[in-house]
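Please view the sequence and the model together while reading the points below.

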Amino acid sequence: MKLRDIMTRKPIVLTPEQTVQEVAEIFLNHQVDGAPVIDSNGNIIGLFTKSQIFKLVSQGLSVQTTIATLIRRDVNNNSNDDVEEILMQESGRFPLTEGQAFADMKTRTNLLSAFNNFYQDVSCEFATIINSIHDLIVSVDEEGRIKVFNRSAEKFFGKTLQEVKGKKINELFPNIGLMDVIQSGKVEKIHKVLLNNQYFIINKFPVKMNDKITGAVAVFQQFSELESISGELKSVKELNQEFDAIIQSSFDGLFITDGNGITLRTNKAFERITGADASTLLGRHIEDLIDEGIVSESVTSLVLKQRETVTIMQKTQIGKITLATGNPVFDENGNVFRVVCNIRDITELNLLKQELEQARGLRLHYERQLRSLGIHYPGSDKMVVNSAKMKDLMGLIMRLAEVNSTILITGESGTGKELIAETLHKNSPRQDGPFIKVNCGAIPENLLESELFGYEYGAFTGAKKQGKAGYFELAMGGTLFLDEIGDLPLNLQVKLLRVLQSREIVRVGGEKPLKIDARILAGTNRNLIEMVRHKEFREDLYYRLNVVPVNVPPLRERKEDIPALVTHFVLMFNLKYKLNKRISREVIDIFLRYNWPGNVRELENLIERLVVVTPRDLLTREDLPPNLGGSTPESLPVQVSGLMPLKDAVEYVEKQVLERAYAECRTTRQMAKALKVDASTIVRKAAKYGISKAQ
């Protein structure tokens, strides 16, 4: 305690010019026996007391003498001095200064009283602290007599401090062992002891003063409490490990900050998606991540501003596009104290979406193909080659299959252009990829663009929400055969030319170009050179398609193949309809003389009709239609050999008419015009009977 803590700052002061008589009157009036003497600047000169008055009287000096010569001058005490140091001085009065200026006047009685009050306050505070501690505290002096016995100890042992103070510790609590600590002078920590049928952990310490042991103190803590705390710590540790395992196992990136945007935790997925090192992010503000380009925009900052869940698109430093959702976590006062962000890599999702669209489109395409081929024997798509022309053609096809050039397949309707295209694909390095066949003349013109290039959501009324992949996308890694390319509208010819040049497409309603990897084959039975002259087909597109021309000869130019083809088709339809039909040699000779304007398709359809309609197993000249020398009137193309349900008979005739139309007409619109029905009816009926425009 410092002297300034007990200063009153209202002392009586004297000046050197005052006489002894004046000072004596001041002492009598204020009942003091001394006072400091100060100069005109307020600085202390010395001390004048009643002892100086007694000395003056004993020497016979006049009371009118000034006190300047009688002052004691060795009395300068600073207000920053400790009270304890001043009490050690022999003087009974203590003038106090602050710097050189006089500040106050104190006596030994004042100092003793102040020091006693301070001691009492400290003792009371110490006792309050000791009694407020939950643990049991007992201390003894060097003789082992109890000095401190706090309230927790009183409550546990059932004895008050007054009852045990001054008594020997070994007499009351012999198993505590505090005397051993006094004797050894060593600290004894964490000893287990049994008191009143309860276990305690006891820590014992010697009390030293001036390197001398003056006692010892023991602190007791209940063992059950320590076990409870240990169990809680273990539980918290396990929960933290479980929480960390859950966060690290998330495939999505997790990023957690406090309410000020300081990074607290991330997971491995966040590092994978953003390319950032988590160890360099912890403890840093979210704005630092933006400055360093780790993310393009901070969803955490938006959450802290808006105090609600926010979802945005982000771009990471490694170029990935992510979907970031930030969720605020509020404390009991409604303040945001955590922000949890979920980061999902939609670059991968977009790729999966495109692959899913492609797979879905392929499935639908193959479903349509299967429906159209459902009535055909699986082996009917095999090539039958006997003639020299066809052998030369197949040799060329096998060579072209090894390269990736664009090929234009020409030939009359029914010669097998589609089969040539499929043979090219199956013998090429792309054979494991899809083979997509598109009849440009069979798709309505207003749908053709979206079918070829696909479309995005909202491209037109009725567009699917997820969009749709076009045939170019479906053929990725494989081959796309554009049949009837001569029927492609001029506006789409321009877009097809661009695809062939850039190997990129843009979906209808889309903006982003998509790279394609598909071999393009085209087929037509029209004279494209003549169409170019009449401005019906683009010249630049023609030369882009006609990189390697392949012409399929008509059946009349390779009649050596007819016997083998007839044998093949008879076997195929016998297996299909579970029959046992045969063709006479006379019929084969007629076939060899016939011109076959419908080519192989006409021959296939004729054989099926003969196998199905003829009641006998042997097919002869009489079973042929009149144009081939048969006896059946042309007006009666179908004979009924027996009774059958009328509905079946109608469907049978309807099927034959459609087959004839597919054999003689190039496009669906031409068929519809010849049969005087809508094009949609042609498509629907053909799908019903499994009729396709096979080339």
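Which glycine takes a positive phi in the hairpin of β13 and β14? The residue is glycine 319, with a phi near 90°, in a hairpin that has 5 residues between its strands. The model is a predicted one, in which local features need pLDDT of at least 70, side-chain atom pairs count only at pLDDT 80 or more, and totals for chains, interfaces and linings use all residues. Residues are numbered from 1 along each chain as its sequence is written, and side-chain values use heavy atoms, with hydrogens and water left out.

**The antiparallel sheet**

- An open sheet is formed by 5 strands in the order β12-β11-β15-β14-β13, with antiparallel pairing; two strands pair if DSSP finds at least two bridges between them.
- Its edge strands, each pairing on one side only, are β12 (263-266) and β13 (310-315); strands (E, at least two residues) and helices (H or I, at least four) are DSSP runs numbered from the N terminus.
- From one strand to the next the twist averages 25°; axes are lines fitted to C-alpha atoms, for helices over the stretch in contact, and angles run from 0 to 180 degrees between N-to-C directions.
- Helix α12 (residues 299-306) packs on this sheet and touches β11, β13, β14 (321-330) and β15, where contact means heavy atoms within 4.5 Å. The direction of α12 makes about 155° with that of β13.
- Strand β11 (residues 253-258) is joined to strand β15 (residues 336-345) by 6 bridges, and glycine 253 has isoleucine 343 of β15 as its bridge partner.
- Between β13 and β14 there are 6 bridges, and these strands run antiparallel; methionine 313 is partnered by leucine 323 in β14.
- Strands β14 and β15, also antiparallel, are joined by 9 bridges, with valine 329 standing opposite arginine 338 in β15.
- The hairpin of β14 and β15 has 5 residues between the strands, and glycine 334 there takes a positive phi near 85°.

**The parallel sheet**

- Over 5 bridges, β17 pairs in the parallel sense with strand β20 (residues 479-483), and asparagine 439 stands opposite aspartate 483 in β20.

**Aromatic rings**

- The structure holds 11 aromatic pairs; rings of Phe, Tyr and Trp (its six-membered ring) pair if their centres lie within 6.5 Å, and planes under 30 degrees apart count as stacked, over 60 as edge-to-face and the rest as tilted.
- The pair of phenylalanine 156 and phenylalanine 157 is edge-to-face because the planes stand at 80°, with the ring centres 5.0 Å apart.
- The rings of phenylalanine 157 and phenylalanine 173 have centres 4.3 Å apart and planes at 45°, so this pair is tilted.
- Phenylalanine 156 is buried at 18% relative accessible area, phenylalanine 157 is buried at 12%, and phenylalanine 173 is buried at 7%; buried means under 20%, exposed over 50% and partly exposed in between (1.4 Å probe, protein chains only).
- Ring pairs join Phe149, Phe156, Phe157 and Phe173 into a cluster.
- Arginine 272 lies over the face of phenylalanine 251, at 4.5 Å from the ring centre; a charge sits over a ring if NZ of Lys or CZ of Arg is within 6 Å of the ring centre and within 35 degrees of the ring normal.

**Nonpolar cores**

- The largest nonpolar core has 36 residues, of which Leu452, Phe472, Leu480, Leu482, Ile485 and Phe537 touch the most other members; such a core is a set of buried Ala, Val, Leu, Ile, Met, Phe, Trp, Tyr and Cys residues joined through side-chain atoms within 4.5 Å.
- Elements that each supply at least two residues of this core include β17, β20, β23 and α16 (445-453), while α18 gives the most, with 5 residues.
- Apart from this core lies another, of 25 residues, among them Val570, Val600, Leu624 and Leu628.
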